[in-house]
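Please look at the sequence and structure first.

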Amino acid sequence: MASAPKRLKTGPKIGTHNGHFHADEALAVHMLRMLPTYHDSPLVRTRDPKLLETCHIVVDVGGEYDPQRNRYDHHQRGFATTFPGRETKLSSAGLVFKHFGRAIIAQKLGGGGIGEDAPEVELLHNKLYESFVEALDAHDNGISLYDPAAVSAAGLEKRFSEGGFTLGAVVARLNPNWNEEKHSDPDEAQVAEDLKFNEASLRIGEEFERDLDYYATAWLPARSIVQAAFDRRTEFDPEGRLLVFEGQSVPWKDHLYSLEDGKPTVLYVLYPESAKPGAKWRIQCVPESKDSFASRKPLPEAWRGFRDEELDSIAGIAGCVFVHAAGFIGGNKTFEGAKEMASKAMA
């Protein structure tokens, strides 16, 4: 994980604005410092154009987007740049990730041995933007997750507070409170504010690096396993409705939806609870979408909430362990039993 920025830096200067800070420039600065070029860069937080001119790269201030000059602001009139294939207008985080994200990912995957144009780099670049960075772009540009007019027309209201634990709120709460006493010396006051910003940049950066680490070391290696299971699915069901992992389960949802390419066929995923010999098997329903609680085909209602011998009797299948009351997952002592549960559920 990242280490706290040092007070004394000797690399090319990074510039951003002073005052109230936000998640987008906090992450933008952290991402830059992940790269060798800016690893030891001092940070200049100001709105003074003359001071910003001394910076090698400037983010979230200056009213200019010019990659050739390393200027990455998004507040100027007429700015409408988006990430390829997405509709959300970029903030400074999205701009930095758009231009430097591939280098960060290639460095994570193996440094000089993997080029920024490698397919796996492109895959992770898109995935990390959609799963992490885009939320910051939307937050900073005032874009709601759902269309407010459509939500209002549907009469939908929140049932409870989310507690403010969004990526934006994680950074926002690190700003000084309005009634905190400021140092009488402007330079000392700026130093104190910059320390708060560095804390916020480290905080949001740690979350970004956790996502990068997960997708690079767990999510990406799972793709080939899901691909192999997807290619073999007709061995277990002529219509290809079963995905079977014979070693152990891996993160499969994103990869499955991608491999299906808009033509959903898989209804159930079968996998052992562990890699140990004799492990019990699970049968899991494929959700209608990644974040949906609705399954493409839930397990039969008559099975739900029952266990062991009682479930054996109801389902007419030996070795049943359980079926969840919501019908999205169940278990059996053997692969053959789990496969029979899937066959009967499909019928």
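Helix α3 (residues 92-109) has 18 residues, so at 1.5 Å a residue it should span 26 Å, and its end C-alpha atoms are 24 Å apart, which agrees. The expected span is 1.5 Å times one less than the number of residues. Helices (H or I, at least four residues) and strands (E, at least two) are DSSP runs, numbered from the N terminus.

This is a predicted model, in which local features need pLDDT of at least 70, side-chain atom pairs count only at pLDDT 80 or more, and totals for chains, interfaces and linings use all residues. Residues are numbered from 1 along each chain as its sequence is written, and side-chain values use heavy atoms, leaving out hydrogens and water.

**Helix α3**
- At phenylalanine 100, α3 bends by about 60°, the angle between axes fitted to the seven residues ending there and the seven starting there.
- Buried residues (under 20% relative accessible area, 1.4 Å probe, protein chains only) of α3 include Leu95, Phe97, Phe100 and Ile104.
- The buried residues of α3 pack against α1 (23-33), β3 (57-59), β4 (65-66), β5 (71-72), α4 (119-140) and α7, where contact means heavy atoms within 4.5 Å.

**Arginine 241**
- Arginine 241 lies in the loop between α7 (186-231) and β6 (242-244).
- Arginine 241 counts as buried because its relative accessibility is 19%.
- Leaving aside residues up to four places away in sequence, arginine 241 touches Thr265, Val266, Leu267, Tyr268 and Met346.

**Whole chain**
- The chain has 10 helices and 10 strands.
- Of its 347 residues, 43% count as buried.

How values were computed
Buried means under 20% relative accessible area, exposed over 50%, partly exposed in between (1.4 Å probe, protein chains only).
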